[in-house]
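The sequence and the structure are shown first.

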Amino acid sequence: MTDESNMTAAAQATAPKIAEEDRLRADLYNFLGLILARPADQGLIDQCAGLTGDATPIGEAVTTLSKVAKISKPKAVESEYNRLFIGLGRGELLPYASYYLTGFLNEKPLALLRQDMTARGLARAENVFEPEDNIASLMEMMGAMIVGRFGTPATVGQQKSFFNKHIAPWASHFYSDLEGAKNSVFYAPVGRLGRAFMEIETEAFRMSAE
């Protein structure tokens, strides 16, 4: 075994153990972050088409997304994304915490989020120019915190605090709006999926001891 292999093995041995349930939660947060960050390309559409659900609210949303993805084309999805989130001047929806909580962009919720990000060692990527309080970034941050992508995995108490401060007050409302938006086709089941997931997370954190 080479020195490099020894280093890799040592790193794996000291890597934090993440419960399977938490890894699945992080995967779903990351998926929502990815699918909302930019128009889905063919690879992501194909990934969605290959998903299978079950009889749970999340599973039913996944099943619907899979069915829609199977008949979706990248150009149509990009056009839908632009109508929803970009538009001429602005899209049908403004997916930012500041807007949902105050009616304006770049307000106190964004400032509070930036304070928390600094405290947790998180920073906006240099190639990202949107305010950090957009829904895609917040989903990605939660996923990263759960598995410790940028450091030690967050405790349940730390996850709960971040979720209750920055996500719970508005994300379910946003996902409901996305599900019912007049321009939503591919993204309607994404909204349904996000809404169902936020409901589960809210209840789980409410019942947690931390």
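With which residue does aspartate 116 form a salt bridge? The partner is lysine 165, and the closest N and O atoms of the two are 3.0 Å apart. A salt bridge here is a side-chain nitrogen of Lys or Arg within 4 Å of a carboxyl oxygen of Asp or Glu.

The model is predicted: local features need pLDDT of at least 70 and side-chain atom pairs count only at pLDDT 80 or more, while totals for chains, interfaces and linings use all residues. Residues are numbered from 1 along each chain as its sequence is written, and side-chain values use heavy atoms, with hydrogens and water left out.

**Salt bridges**

By this rule the count comes to eight salt bridges; the table gives three of them.

| Glutamate 201 | Arginine 25 | 2.9 Å |

Helices and strands are DSSP runs numbered from the N terminus (helices H or I, at least four residues; strands E, at least two). The side chains of glutamate 201 and arginine 25 meet in a salt bridge. Glutamate 201 belongs to helix α11 (residues 188–207) and arginine 25 to helix α2, so the pair ties together parts that are 176 residues apart in sequence. For accessibility, buried means under 20% relative accessible area, exposed over 50%, and partly exposed in between (1.4 Å probe, protein chains only). Glutamate 201 is buried at 3%, and arginine 25 is buried at 12%.

Aspartate 116 is buried, with a relative accessible area of 13%, whereas lysine 165 is partly exposed at 43%.

Within α11, glutamate 203 and arginine 206 are three residues apart, which means that about one helical turn separates them. Glutamate 203 is partly exposed at 35%, and arginine 206 is exposed at 58%. Salt bridges that share partners also join Asp22, Arg25 and Glu201 into one network.

**Packing around α8**

Helix α2 (residues 20–37) packs with helix α8 (residues 135–147) at an angle of about 155°, with the axes 8 Å apart. Axes are lines fitted to C-alpha atoms, for helices over the stretch in contact, and angles run from 0 to 180 degrees between N-to-C directions. Contact means heavy atoms within 4.5 Å. Among the residues that make this contact are Arg25, Tyr29 and Leu36 of α2 and Met139, Glu140 and Met142 of α8. By class, the contact of α2 with α8 has 12 nonpolar, three polar and four charged residues.

α8 also packs with α9, at an angle of about 170° and with the axes 10 Å apart; α8 and α9 are therefore roughly antiparallel to each other. Leu138, Met141, Met142, Met145 and Ile146 of α8 meet Gln158, Gln159, Phe162, Phe163 and His166 of α9 in this contact. Its residues divide into seven nonpolar, three polar and no charged, where Ala, Val, Leu, Ile, Met, Phe, Trp, Tyr, Cys and Pro count as nonpolar, Asp, Glu, Lys and Arg as charged, and the others, Gly among them, as polar.

The buried residues of α9 are Gln159, Lys160, Phe162, Phe163 and His166. Their cover includes α2, α6 (97–102), α7, α8 and α11.

Definitions and conventions
Parallel < 35°, antiparallel > 145°, perpendicular 65-115°, else oblique.
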